[in-house]
Amino acid sequence: GASVELSAGGAVTMDDGVATTAGTNLRYEAGGVLGIGALSAVNVSLIAGSIVDSGSGDTDVTATTLRLVTTGTAAGEGAGTGAAHLQIAVATLAASVAGTGNGGLYLDEANAIVLGTVDAITVDRLAADGSSSVVSDLGMSGVTSGANLVLGSAAGSVTVLNPLTANGNILLEANSGALGITAAISSAGGSISLSSLNSITQNANILTIGGGSIDLRSNAGSVAMADGTTASAVNGNIRYVAATTITLGAISTGADVSLSASSISDSGSVDVDVSANQLRLVTTGTQAGEGAG
C-alpha cells in the first residue's frame, strides 16, 4: 500500500472531522503546532513543536504503531493538553515529548496498548519530476515526557514494556483491564498514580524523587510485586490498595506507607518489605489463613 507524508516548516492544522488515511505508513511533520483531525494507517509518525486535537468529533490516530515526537520546550507544550487529550486507538506507542510546566503527554486510548518499541517508519517523498526518495524516522523505545505523562485506556490492558519516565506527574489508568509493569516507571519530580480495574503485576521498579507520592490501586483485582522489585519515594507517601491480595516486594520512603487489601503477603525473601516512617496496614479478608504475613 501507498504511504502519505505531509511536511511543513510552520504549523499544520486539520479541521475537526477531516481524515487522512494511508495503506501502510503515514508521516506528519510540522515546525510549529500540529493540529490533527483523524489519521489512520498501519504505522503513524508524528513530529511537531506541539501536537493538539483539532476537535472532539473523531479519533485522532488509529494505527498499529504510533511514533510521537514533540520538540517544543515552553510551558504547556507537548502532545495533547490537560483539558483536551489526544484520542487514539493504537496497539503500540513510543513517544518523546519535550514540553514543560503543565505540558507533556496526554492520551486517551480506546483499547489495549503497549508502551514499547516502534520500528523505523519510512515514507516516499516525491520530487517535482515525479521521482521519489525514502524518508525514514528511526525506531524508538519507551515513553518520555519533559512534564506530565497521562494515559488512560477505556477498554483493555496497559502494558509498560519499555521504560516510562517523566519530569512531572505520571498517571496510568487501565479502566477496564489489567496493568502490567515490566519496565521501570520513574518521575524526576512529580507523583505517580497507577490504577486498573483488574490485576496489577509489577515486575520492574517504580521511583519518584523529591516530595512526589506513589499511589497504586487495583479496583477489582490483586497487586503482585515480583520478589526484588521496589517502589521508592524520597519524601512522599506510598499507598498500595487491592480489592483482593497484595504480595510485596520492597516498598521504601522517608515518609509514610499505607497498605490495604483482603490479605497481604511477602513475595519472597530477598528484601525488606516495608521501610517507612509510619505504616498503616489494613486487611479485610475473614477466611482462615488470611491476614498480613
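This is a predicted model: local features need pLDDT of at least 70, side-chain atom pairs count only at pLDDT 80 or more; totals for chains, interfaces and linings use all residues.
## Nonpolar cores

The largest nonpolar core contains 64 residues. Leu46, Leu172, Ile185 and Tyr240 have the most contacts inside this core. Strand β11, which spans residues 86-97, gives the most to the core, with 6 residues. Another core, of 6 residues, lies apart from it and includes Ile47, Val69, Ala94 and Ile121.

In soluble globular proteins, nonpolar side chains tend to be buried together. Leu172 shows its surroundings in detail: leaving aside residues up to four places away in sequence, Leu172 touches Leu115, Leu149, Leu151, Val160, Leu164, Leu179, Ile185, Ser193, Leu194 and Ser195.

Strand β22 (residues 170-174) pairs with β25 in the parallel sense over 5 bridges. Within this pairing, Ala174 stands opposite Ser196. Strand β25 also pairs in the parallel sense with strand β28 (residues 214-218), over 5 bridges. Here Leu194 stands opposite Leu216.

## A nonpolar surface patch

On the surface, Leu207, Ile209 and Val234 form a nonpolar patch, and their accessible area together is about 220 Å². Val234 belongs to the loop between β30 (230-233) and β31 (238-242). The relative accessible area of Val234 is 39%, so this residue counts as partly exposed.

Methods: Residues are numbered from 1 along each chain as its sequence is written. Side-chain values use heavy atoms; hydrogens and water are left out. A nonpolar core is a set of buried Ala, Val, Leu, Ile, Met, Phe, Trp, Tyr and Cys residues joined through side-chain atoms within 4.5 Å. Buried means under 20% relative accessible area, exposed over 50%, partly exposed in between (1.4 Å probe, protein chains only). Helices (H or I, at least four residues) and strands (E, at least two) are DSSP runs, numbered from the N terminus. Contact means heavy atoms within 4.5 Å. Patches are made of residues with over 30% relative accessible area and no salt bridge: like charges are joined within 9 Å, nonpolar side chains (Val, Leu, Ile, Met, Phe, Trp, Tyr) within 5 Å. Accessible areas come from the Shrake-Rupley method with a 1.4 Å probe; for residues, only the protein chains shown count as cover. A salt bridge is a side-chain nitrogen of Lys or Arg within 4 Å of a carboxyl oxygen of Asp or Glu. Two strands pair if DSSP finds at least two bridges between them.
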